Amino acid sequence: MGRYILRRILYAIPIAFGVSVVCFSLVYIAPGDPLQTVMPPDATAETIAIVKHAYGFDKPLPMQFLIWLGRVVTGDFGVSIATRRPVIREVSDALSNTALLAMFAVPISFSIGYVMGAVAGCFAGRWIDRVVTGAAVVGVSLPNYWLGIVLVIFFAVEYMLLPATGMGPNGSVGFNLLQWSNAKFLVLPVITLSMIPVGILARTTRAAVAEVRNQDFVQTLRAKGLSEWAVTRHVLKNAMPQVMAVMGLQFGYLLGGSILVETVFTWPGSGFLLSKAIINRDVPVLQGTILTLSLVFVATNLIVDLLQSLIDPRIRRA
Amino acid sequence: MRPLLHDGPTLDPRDRGGPLQPLLVARDLRKHFPVKGSGGKSVKAVDGVSFAVRKGETLGVVGESGCGKSTLARLLLHLVVPDAGELRFDGDLVGTHDLPVDTLRRQVQIVFQDSYSSLNPRMPIRDSVAFGPFVQGKKKRQARDIGCEMLSKVGLDPDLFGPRYPHELSGGQKQRVNIARALATEPRMVILDEPVSALDKSIEAQVLNLLRTLKRQFDLTYLFISHDLNVVRYLSDRVLVMYLGRVVEIGPIDAVFERPLHPYTRALLASRPSMDPARRIGEAPISGDPPNPIDPPSGCHFHTRCPFAEIPCDKTDPALGIWEYPQSHVVACHMYDRASGHSRLAYV
Amino acid sequence: MTDYFSVIPAKAGIQGGEPSKGALDPRFRAGDDVIFEAQALPATRVRGYWQTVFYRLRHDAMTLAFAAIVLLIILGAVFAPLLAPFDPYKESIVGRLKPFGWHDHPLGTDELGRDMLSRLLFGGRVSLLMGVVPVLIASLIGGMLGVIGGFAGGRTNTAIMRTMDVFYAFPSVLLAVAIAGAMGGGMANGMLALTLVFIPPMCRVAETATTQVRALDFIEAARASGARTLTIIRYHVLGNVLGPVFIYASSLVSVSILLASGLSFLGLGVRPPLPDWGLMLSTLRQSIYVVPFVCALPGLAIFITSICCNLVSDGLRAAMDVRM
């Protein structure tokens, strides 16, 4: 068992390395010179050469990568071109704002999605199954940024109940969760963000539950005289590993893929930071954000895999 | 193409050594499958198997599950490459310039146990049967015709069954398709890996009779693998008994079944259920579980379960006696080897 | 693994099951020394796999209905020049942000005075293109890689799948945005980004299916017949792998449409003044206080297209999941 954990962790290391390679090379697949962002357009050849040397752009690519990697590992992601603040501060501030959203979106969406899916799975084929499946399909097919806009139209424009954008009257720095004047800014983004996980979870849970219920051991349990509720508990327990895997992935998505929702609501999270960085071609922030978000995703997957192996003994032997 | 119905044995134009040369000779075949993560240990599926198959005979291969029969079948066709040992088909060494594996596969075919997974679920039956000839160079139409002819030879109406899919056929019908598929390439030898194990008894009888008929018609040689002793007796001329990757006894079928030499063979035969109420035995003829093929016992693999085991049995490997005559009955047991030092020297 | 934009793939595998029991047809066949008494034959007509699929689809009203809607959308996009009442690029200072039904504009006008209906129709072309093309290319490339890896097994397979795993380590949206953003945006870059995002899942589906097929006996039987690797792949593997790949690809189309318009929404996809639903949604966003329902229209178009594609793909999956 411990061996499996070790192996799984070791396996994550080359993945993380590959991720960092991809992040690093993103800058270099861009058309144009990466230098253009830091140079004034009319620089002389001399200046260019000096700056090149200072940034290390004149070294061969693998060398640059190693230097960059060395810095990254020690936490030095460079300095933002736009704001001149250290990238790591920018990223961590933004990430904490995104985490705030996730903190609410996760329990809400996971519980709703799970319950919906479990109910649909247990009553597979009946009308409630159809309703849930329909809702799940809607959830998955809806562009969440559009939902955000529609919610804003409804709640902010037409009925003026909730604010449209932003993170509170004091911005992210002075955000006080306990005051409604601040907290109401959370409502719409959280709802919007929850929609797709609810859809996917409902679908996955339904499929897992329906599949487990069809297995022979369920009939055995009933034949033994267990009440339907007790049987359902067993079924849910067996369906858990599959569902957990998807939950983990959704959590990673909530942290890493929130860019669209954050743009709609101008929520100063990591996704919003990313889109700003793209517009400004702020390379250090770009690299830093993508790297951080994807490493968080890798870590999440690792944890989920390990948890899964704890719950499902069949996986340990793999 | 040689005539399909004839009176006496005809010499196959591909024949190289005459009727006295064994068709297949296996010498010391070895195949070990490494086990992941165990630090170099391996499953010794086939551990030094030697035997010969004569032309026109049916050699039965019996043994418990896990003794290496199926691996042996695959080794003979080089579907699994042996780690050591040599294989000679009609005198030529397999895998060399004289007899490349492709050529071997034109002359030897195999029928698997699982009739369902042996057929591509997306291919109609006649295409499955025609695939062999097609691959071996025949044109599509010709291959189809051969396929249809083979289907009728196994008792399936090609017009009725040809365009059907495997899932529409019963187990017995599928297995007959597999036999047709094996014969479509006109092999000289067919390896049958438990072909009737998964079938109902009544269908089993039909398929066995079919196999006998086809053998006569096409002048085939069979290697018939099974764990069912009665089936083996019905079909085979000689039988080979395997235990844990090794051969323990070879001999003519009646000789082995009536006067088994090896303790394992005796136990195997004694454990057949009998309808005769007078034939009762007090205790199980064989005890214990078969040992782990990853870590077989030293010396004679059977010594841990053998009622006659003595000191030399766990020290040295017993050698299979030399097969001199077609009717030779040889055994790999220290009790029959004067030089072994076993106290109970039995005589044939 | 599934993440935000991936749909649960159908169990990629070969269908197999019980043989059908048919009417017992007592029949004696003499001759050839072989006598078989009763040949159980199914009473139904022979129906191949694809015929069964089509039969099921024909009788699935819901899927057909949604497929019809998708067809309408496609036709609308294809015949946009004929159907659009106005030129989608024609601006009008005075007629900006007008509501439904203003002066022959049945769906209003956008922030530059351009007719919404026309822009929606033309926008459909871009959105549909960006939805289908990346999936198509990713299926080809990913499918090929998956089959190669699955069939070769061993080190080759590990190498391919590990490389795919690195790309799997990114959430889809993030990866698409990162690639499109790094390359500078634009329609071609957007399609490239999406293709790269979809290759790993397609590869995985193909690899799973191929590995499953490879373990079955008929592959060994084919090898025993003397077939070479390529022949085996062509005749035995592809037929069984194409099903799962196709089902998964069809489910990716709706995802691709969503992602593509998402990219345009962020300004990383199509560039103005090209009409594209995501881009339109983005530019109209500021104007939601003026004509909220007009501004919501492009999103509605995305939603309807996406959900119909999704439902058609579900129907296809149900039809193709023939228990054989």
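Let's start with helices H6(C) and H7(C). Their axes come within 8 Å and cross at roughly 145 degrees. The crossing is right-handed. Keep in mind that this is a predicted model.

Who meets whom? From H6(C) we have C:Ser172, C:Leu175, C:Ala176, C:Ile179, C:Ala180 and C:Met183. From H7(C), the partners include C:Asn189, C:Gly190, C:Leu192 and C:Ala193. C:Leu194, C:Leu196 and C:Val197 of H7(C) belong to the contact too. By class, the residues of this contact are 10 nonpolar and 3 polar, with no charged.

H7(C), residues 187-214, also has the highest mean pLDDT among the elements of chain C, at 91. At the other end is strand E1(C), residues 23-26, with a mean of 28. Residues 1-38 of chain C stay under 50 in pLDDT. The model still has 98 contacts beyond four places in sequence for that stretch. Where pLDDT is low, predicted coordinates should not be read in detail. Chain C as a whole averages 79, and 84% of its residues score at least 70. For the model, ipTM is 0.84 and pTM is 0.81.

Next, helix H10(C), residues 277-284. Why call this helix largely enclosed by the rest of the structure? Because 7 of its 8 residues are buried. Those are C:Trp277, C:Gly278, C:Leu279, C:Met280, C:Leu281, C:Ser282 and C:Leu284. What covers them? The cover includes H4, H9 and H11 of chain C. It also includes a helix from another chain, H6 of chain A, residues 144-158.

That brings us to the interface between chains C and A. Here 40 residues of chain C are in contact with 45 residues of chain A. On the chain C side, the elements giving two or more residues are H5, H6, H9 and H11. H11(C) gives the most, with 9 residues. The chain C side divides into 27 nonpolar, 10 polar and 3 charged residues. So H6(C), our opening helix, is one of the elements on this side, because it gives two or more residues.

Last, chain B. It has 10 helices and 11 strands. Its C-alpha atoms fill a box of roughly 65 × 55 × 50 Å along the principal axes. With 348 residues, a compact globule would have a radius of gyration near 20 Å, and chain B has 21 Å, which agrees. As for burial, 48% of the 348 residues count as buried. Among contacts in chain B with a separation of 6 or more, 64% join residues 24 or more positions apart.

Technical notes:
Residues numbered from 1 in each chain as written. Chains lettered and ligands numbered in written order. Predicted model: local features only at pLDDT ≥ 70, side-chain atom pairs only at ≥ 80, totals over all residues. Contact = placed C-beta atoms within 7 Å. Helix = DSSP H or I, 4+ residues; strand = E, 2+ residues; numbered from the N terminus. Nonpolar A, V, L, I, M, F, W, Y, C, P; charged D, E, K, R; others polar. pLDDT = per-residue confidence, 0-100. Axes fitted to C-alpha atoms, helices over the stretch in contact; angles between N-to-C directions. Left-handed = near helix turned anticlockwise from the far one by under 90°. Buried ≥ 20, exposed ≤ 12 C-beta atoms within 10 Å, placed from the backbone. Rg over C-alpha atoms; globule rule 2.2 N^0.38 Å.
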